[in-house]
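Welcome, and thank you for taking a look at this structure. Let us walk through it together, one part at a time.

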Amino acid sequence: DGLVVSEKMKSSNIDVKIPKSELEAEEKGAEEERPREPDSNILDVSSDYPRDKHISIQRHLADLEKLADLREDERKPCPLCPEEKFKACYSHKLHRHLQNLHWKVSVEFEGYRMCICHLSCRPVKPNLVGDQTLSKMGAHYHCIICSATIVRRTDMIGHINRHVNKGETESRFITVRAPKSPYEVMKESATDVQVLPNHSTPQKTDSYFNPKMKLNRQLIFCALAVLAGERKPIECLDAFGATGIMGLQWAKHLRSSVKVTINDCNENSVTMIKENCHLNKMKVKLNIREEDNDETVGNGEENGDTIEVTKMDANVVMHLRSFDFIHLDPFGTSVNYLDSAFRNVRNLGIVSLTSTDISSLYAKAQHVALRHYGCNIVRTEYYKELAARTVIAAVTRAAARCNKGIEVLLAVALEHSVLVVVRVLRGPTPADDSAKKVRYLIHCQWCEERVFQKEGNMVEENPYQQLPCDCHGSMPGKTAVLLGPLWSGALFNTGFLRRMLVEAVQYGLDEAQPLLKTLVCEAECTTLKHFSTHSPGDENKQEECGVYIRTPNASAESCLVHGKRKSEEVLRGAVKRQRAEHSAEHPPFYYNIHRHSIKGMNMPKLNKFLSYLSEAGYRVSRTHFDPMGVRTNAPLVQFKTVLMKYSAPTYVGAQAEGSVHLPGEIQVRQEIPAAAANKVEAAELAEDDKSGVTAAMLTQSYPTHCAAD
């Protein structure tokens, strides 16, 4: 039952085929039967070659050489090249040709090699004259799965990856016995979802699930839980559902407090979202026209758990309907969806967006940041906060175009994304106030000192005067660059973060709690040891601006009346009072202690350095943007002065001079800047002259004098 090689093999334009009898024998497990010895005109194919594949697809180089039937005394043509391209030659030359021109540039998939083919399998376009015989034969690859012909190797690799992402790893022309399910079931926050085997590989056409974004999903859930505590029920939208994990968590934990809508424009993703809803015993509402055909899974006890699944473009669904909470998490930048998000979002609603285009936001592709965000940025020590302020500036401009202002509740730079959560304030006055906070930043490229440009439209003669440093006077050329436009306001809302922390504790979100504590300390610009989670909840909520706030003497119904102008006026009045009471925002940006450390000196521990800065009268805190960053209102000159004051030299020989173990005022005196040190030394010389010690004697015995001192 072998395959007889026909005369066409000489032209090498054949396909390798195996009859059904051998396939059936393999499926029944007839491995004990010894195959017959092949004749000289029978092609030997390995038994693990399961399906019909092109001649260019082989497991080993020896299998490819068997097709050529190499013999030392005869000339043989290449089985993958026409005679016009490669003439018949002896075995040693043909072996090198197969190895270097076909095997080394092959594409590997599950043990098989898809070698490059030069035969006339692919239709070739005619030349300009119209003569097709004179046109060049193009090299190409044959897909092992769908038998497609692809020219470039990189395109072939991407073609195979797309098959794998869709779960297609078998030939679609052969029926496969008992195929396994292409999905895997993963669990996160008591929610089960079906995902593809390569769920962590982002593709624009396939569902994407990244377990590393769990912290991002928990922060968004806490923000939604805080909003659900203010008014019920709220309509929330997950504009890019993918697997639907985020919307399922909202509906499963918040129950009747939310009306969840999960949207995706990909049909495969919508199908997966419906299956995941059934997996978690949720009712699925397809759309308005198919409302009568709702499917219910479960025993009917949970009648309020209904999720609406839509298949639309994200801009379309946000134009058609109004929502209280919108989350945007596209593949890359989210600037293309901001106008639609702010057009119909309700007053005092929340818009959260996750930007994963960190190559442009982190100044690795500056031209892309200029194209997407209209912002000029460079790589700095505070590049993560710069990325967050770039995104917020784009959000502010989009909201202002819809006569809406924003209040930033949260801005976090995680491992592979930037998360921004803002509250929407309807009206031209909040829009103008927010637009005024978008300003340019003056950044010194020598010392990395930075300051926001002053408000106003007048051109200054010397903008370098706004920088606290004097690098422009001491360094040649232009030392500063203009970055922006950026958001110059606060990045955090203390009251909202504290309420998020309460929700994280209530729902047992352990990963979000440490980050939220750090954010609260960063928002208040205080150290962690001064942070207390047992502060009165009502007082903490009073710190929040622009939102519905409960007070001990007023009920929720008396504080907020939906649909009335008076309630908005009361809220705006409360906002002004609270801003007057709580006007001290956290300082913008931070300094990296390693970036500004002194060469040859051992800097103090970070927590001790924070206490030193605090004792000097400055506000200090750590920042989540940088584990070695210090957020402070101290200028860079004072920052370096305190750092030098409490640093010790690393040179071992210097310990004998008494500059390492000297405590108190003596150590401070020896480690102050050079100008101050000269004054102290002059004062010491004057005192020693009074006591009868000459300057020459002091110079000779200076190390001993310091050690004894």
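Two strands are said to pair if DSSP finds at least two bridges between them. Helices (H or I, at least four residues) and strands (E, at least two) are themselves DSSP runs, numbered from the N terminus. This is a predicted model, in which local features need pLDDT of at least 70 and side-chain atom pairs count only at pLDDT 80 or more, while totals for chains, interfaces and linings use all residues. Residues are numbered from 1 along each chain as its sequence is written, and side-chain values use heavy atoms, with hydrogens and water left out.

Strand β23 and strand β26 (residues 629-632) pair in the antiparallel sense over two bridges. Within this pair, Tyr591 has Val630 in β26 as its bridge partner. The two strands belong to an open sheet of three strands, in the order β23-β26-β25 and with antiparallel pairing. Its edge strands, β23 (591-592) and β25 (620-622), each pair on one side only. Helix α20 (residues 606-615) lies across β25 and β26, running at about 160° to β25. For that angle, axes are lines fitted to C-alpha atoms, for helices over the stretch in contact (heavy atoms within 4.5 Å). Such angles run from 0 to 180 degrees between N-to-C directions.

Another antiparallel pair is found at β10 and β11. Strand β10 (residues 184-188) and strand β11 (residues 191-195) are joined over five bridges in the antiparallel sense, and Glu188 stands opposite Thr191 in β11. The hairpin of these strands has two residues between them, and there Ser189 takes a positive phi near 55°, although Ser189 is not a glycine. Is Ser189 buried, partly exposed or exposed? Ser189 counts as partly exposed because its relative accessibility is 23%; buried means under 20% relative accessible area, exposed over 50%, and partly exposed in between, using a 1.4 Å probe and protein chains only.

Next come strands with parallel pairing. Strand β16 (323-328) is mostly covered, with six of its six residues buried. β12 and β16 pair in the parallel sense over three bridges, and the bridge partner of Leu237 in β16 is Ile326. β16 also pairs in the parallel sense with strand β17 (residues 345-355), over five bridges; here Phe323 stands opposite Val345 in β17.

Gly332 counts as buried because its relative accessible area is 16%. Leaving aside neighbours within four places in sequence, Gly332 is in contact with Thr354, Ser355, Thr356 and Asp357. Gly332 and Ser359 are 27 residues apart in sequence and 9.7 Å apart in space, C-alpha to C-alpha.

Now to the interior. A nonpolar core is a set of buried Ala, Val, Leu, Ile, Met, Phe, Trp, Tyr and Cys residues joined through side-chain atoms within 4.5 Å. The largest such core has 109 residues, of which Leu328, Phe342 and Met500 touch the most other members. Helix α5 (residues 214-230) gives the largest share, 11 residues. Why does this core lie between domain 2 and domain 3? Domain 2 (184-288 + 304-455 + 464-495) and domain 3 (587-650) both give residues to this core, so it lies between them; the domain bounds come from an automatic or database domain assignment. A second, separate core of 20 residues includes Cys444, Ala480, Tyr591 and Val630.

α12 is mostly covered, with 14 of its 19 residues buried, and is followed by Asn403, whose phi is positive, near 60°.

Finally, look at two cis peptide bonds. The bond from Lys232 to Pro233 is cis, with omega near -15°, and Pro233 lies in the loop between α5 and β12 (234-238). A cis peptide bond also joins Gly484 and Pro485, with omega about 10°; Pro485 is found in strand β22 (residues 480-487).
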